[in-house]
Structure formats: structure tokens, C-alpha cells
Amino acid sequence: MILLFGSAGSGKSTQGQILAERYDWKWLSTGQMFRESNDPEVMGYVNRGELVPDEITNKVLVAALDANSVCGEKGGVILDGYPRKLEQVKFLLSYSRNRCGNNNINLVVMIDVDKDEVLKRMALRGRDDDTPEEIEKRLGIYHAAIDPILDYLEQENVPVVHIDGVGEIEEIQGRIRAVLVEQGIV
């Protein structure tokens, strides 16, 4: 299992989908998992624009992981957008150890993009809520949440790599694939 992290505008979903297609792995994003769950309670939160509580998110995640046999494969599943909280990473490690008998998180890939590049990319999307002030606020919230998660994963001996997320899509993909080869995942 690979965890893919990156702020809004980092291109992580694009990169995750390319990897999944290239290696015939399953790409799982929280948004996708919520939509596929067909759970009215989950959809209620999503449709109201509210965060889905951890307990429900974890239940949906476990169903998706169990359906995709995550144990024993290097790579195999790419998680995009989960975990977003320290409690969620602790849950994921516990699930992995209990389900697979070991920590089945092979690698964490953090796609790093500086604030100016994120601002430029988000401006291209043309969404009303993508103002520089809102983007900076979201980046602050994101880093406040993700930095402790990365630290915790490293303490748990999960390899964490940082990838330069600036450049053409294939350039960035090449950097990620080089790390996968280096780590013995592909």
C-alpha cells in the first residue's frame, strides 16, 4: 500500500491515477470511496459539504481495502486523501497490522509544491473559492495536519519520500517511479 500526500494543487490525484493505471493497482481516494459506498449517511455529509466523521470514514476505508486485498502486495493500492488526521493514521496502521499481520504501508510519497506554484495552479482552475487568501489558509491547515502525520509514520518506520512536484506531469511521474524502483516496490 502506498500513501500519496500533497496539498491542493499538487497534482497528487493525477499522479496516483497514472501510477494505478501503469501498474494495474487500485487508486482509492476518500471522495471516490464515499461515492462508491452508496451509504445514505455518508452521502448526506458529502452533499452538505461537511467532513465525514472519522468513525464513518474508517468504516468506508476498511470496506474498500478489504475489497482490494491489500495484504502481501507491494504497492497494489494507492490511498489518496487518507489519512488526514493523526488518529486516522493510527487507525490505518492498526488495521494493517491486524489484517495483514504487519505494517503493509510500503511507502509514503509526499508531493511537494511551493506556495507560489500552488497559487498559480489553483488560479487556473478558476473556482470562486480559490482566492489567494483562501488558498493560503487551506495550505496552513493542510500542513498543520500533515506534518505530524509524516513525523508519526517515520517514527513507525514507514519510509517517507518527498518528491519535487514542479514540472511536467511525466517528469513528476518519472521521479515517483524512480523512488518506487529504489524502494523495491516495482
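This is a predicted model: local features need pLDDT of at least 70, side-chain atom pairs count only at pLDDT 80 or more; totals for chains, interfaces and linings use all residues.

Student: How many bridges do strand 1 and strand 4 pair over, and is the sense parallel or antiparallel?

Tutor: Strand 1 and strand 4 share 5 bridges, in the parallel sense.

Student: OK, and how many bridges link strand 1 to strand 3?

Tutor: There are 3 bridges there, and the pairing is parallel. For instance, Leu4 has Asp80 of strand 3 as its bridge partner.

Student: What's the strand order in the sheet?

Tutor: It's an open sheet of 5 strands, ordered 2-3-1-4-5, with parallel pairing. Strand 2 (26–29) and strand 5 (160–164) sit at the edges with a single partner strand each, so one side of each lacks a neighbour in the sheet. From one strand to the next, the twist averages 25 degrees.

Student: Back to strand 1: is it buried or exposed?

Tutor: Buried: that goes for 5 of its 5 residues, so the rest of the structure largely encloses strand 1.

Student: Which residues sit on which side of strand 1?

Tutor: Ile2, Leu4 and Gly6 are on one side, Leu3 and Phe5 on the other, and both faces are covered. In a regular strand, side chains alternate between the two sheet faces.

Student: What does Leu3 touch, leaving out residues up to four places away in sequence?

Tutor: Its contacts are Leu79, Tyr82, Pro83, Leu92, Ile105, Leu107, Val108, Val109 and Leu153.

Student: New topic, the packing. How many residues are in the largest nonpolar core?

Tutor: That core has 32 residues. Leu3 and Phe5 are among those with the most contacts inside it, along with Leu65, Leu79, Leu92, Val108 and Leu153. Elements supplying at least two residues each include strand 1 (2–6), strand 3 (77–80), strand 4 (107–112), helix 5 (86–100) and helix 7 (132–155).

Student: And which helix gives the most to this core?

Tutor: Helix 4, with 6 residues.

Student: What about a second core, how many residues does that have?

Tutor: The second core is separate and has 23 residues, including Leu19, Trp27, Leu107 and Ile176.

Definitions and conventions. Residues are numbered from 1 along each chain as its sequence is written. Side-chain values use heavy atoms; hydrogens and water are left out. A nonpolar core is a set of buried Ala, Val, Leu, Ile, Met, Phe, Trp, Tyr and Cys residues joined through side-chain atoms within 4.5 Å. Buried means under 20% relative accessible area, exposed over 50%, partly exposed in between (1.4 Å probe, protein chains only). Helices (H or I, at least four residues) and strands (E, at least two) are DSSP runs, numbered from the N terminus. Contact means heavy atoms within 4.5 Å. Two strands pair if DSSP finds at least two bridges between them. Axes are lines fitted to C-alpha atoms, for helices over the stretch in contact, and angles run from 0 to 180 degrees between N-to-C directions.
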